[in-house]
Amino acid sequence: MTSLPKSQENARKLGLVIDLDTCVGCHACAVNCKEWNTGGHYAPLPDYDPYGKEPDGVWFNRIHSYEAGSASESKTVNFPRSCLHCEQPQCVTVCPTGASYKRAEDGIVLVNTDICIGCKLCSWACPYGAREFDEDKGVMKKCTLCIDRIYNETLPEAEREPACVATCPSRARHFGDLGDPNSDVSKLVAERGGVDLMPELGYKPTNKYLPPRKSTIPSKPLENSTSDGGNALLRLLDRVLSR
Ligand code: SF4
Ligand code: SF4
Ligand code: SF4
């Protein structure tokens with residue numbers, strides 16, 4: 001695997017912590033993300049056939065819901081998916097024009113759409129399905145971690161957080177510096193046993209997921225599982241993302 005130079009293994013790692021225990025799958029984060037970014041950094045975010053039988057479009061944040069467990073005892077699992085701003089993002093190293101890049105100062109992975117040639121190599125290199133192709137413009141787009149909110153001094157300080165975090169009604173989304181062990185998000189990850197998605201691939205995602213608390217895990221193990229529900233859930237998500 002090609003690695004980024006040491007100089008880009010920055011100390012500041014801005015990212016999200018998403019609580020799979022409290023996410024209710026309401027899609028508010030996805031909608032507010034779309035709304036903000038339709039007027040933002042990569043604007044507009046197109047929709048294709050929005051009122052047709054198979055509506056599609058560019059969404060930086062997508063929510064997937066699954067039934068986990070057995071037929072007699074199941075649990076709905078809601079899984080929000082967006083760019084994880086990986087520390088070793090192969091979406092960046094495969095890009096032939098340098099359009100995909102990772103910022104040294106805060107670790108945010110972005111696309112310079114002025115020099116993107118729309119080859120889609122980056123989307124093939126992303127195992128998390130986090131790249132979004134704009135068919136109208138012929139360029140790749142993706143989550144920016146709302147760089148036009150988090151550094152926006154025209155917004156009140158309390159609103160300088162990603163749109164998805166600001167809107168989540170169950171406070172399942174948290175934003176902060178995961179490179180600082182004393183930040184609130186790092187403490188939350190430590191307390192709740194937050195995990196990387198598909199760590200075996202070596203992309204070192206910055207974003208972390210918090211597994212469901214024990215009390216909410218189905219008493220029966222998930223199908224094809226002999227272990228506890230939290231780990232089984234993460235394996236389930238791994239399988240879903242591998243499809
Ligand atoms: S999640 Fe995908 S698009 Fe985002 S940094 Fe990682 S490899 Fe790149
Ligand atoms: S689609 Fe654009 S950003 Fe992605 S690899 Fe090709 S040139 Fe780079
Ligand atoms: S807004 Fe919060 S609760 Fe709703 S889908 Fe997004 S993360 Fe889950």
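Reply: Of the contacts in the protein with a separation of 6 or more, 59% are made by residues 24 or more positions apart, where two residues are in contact if their C-beta atoms, placed from the backbone, lie within 7 Å. The model is predicted, and local features need pLDDT of at least 70, side-chain atom pairs count only at pLDDT 80 or more, while totals for chains, interfaces and linings use all residues. Residues are numbered from 1 along each chain as its sequence is written, and chains are lettered from A and ligands numbered from 1 in the order in which they are written.

The secondary structure comprises seven helices and 11 strands, taken as DSSP runs numbered from the N terminus (helices H or I with at least four residues, strands E with at least two). Of the 243 residues, 37% count as buried, that is, with 20 or more other C-beta atoms within 10 Å of their own, C-beta atoms being placed from the backbone.

As for the helix itself, α1 spans residues 28–38, and its buried residues are Cys-29, Ala-30, Cys-33, Trp-36 and Asn-37. Seen down the axis of α1, these buried residues fall within an arc of 135 degrees, so they line one face of the helix; the arc is that of the directions from the helix axis to the C-beta atoms. The buried residues of α1 pack against the strands β4 (62–69), β5 (74–81) and β10 (173–177), and also against the helices α4 (147–150) and α5 (163–167).

Notes
A residue is buried if 20 or more other C-beta atoms lie within 10 Å of its own, exposed if 12 or fewer, and partly exposed in between; C-beta atoms are placed from the backbone.
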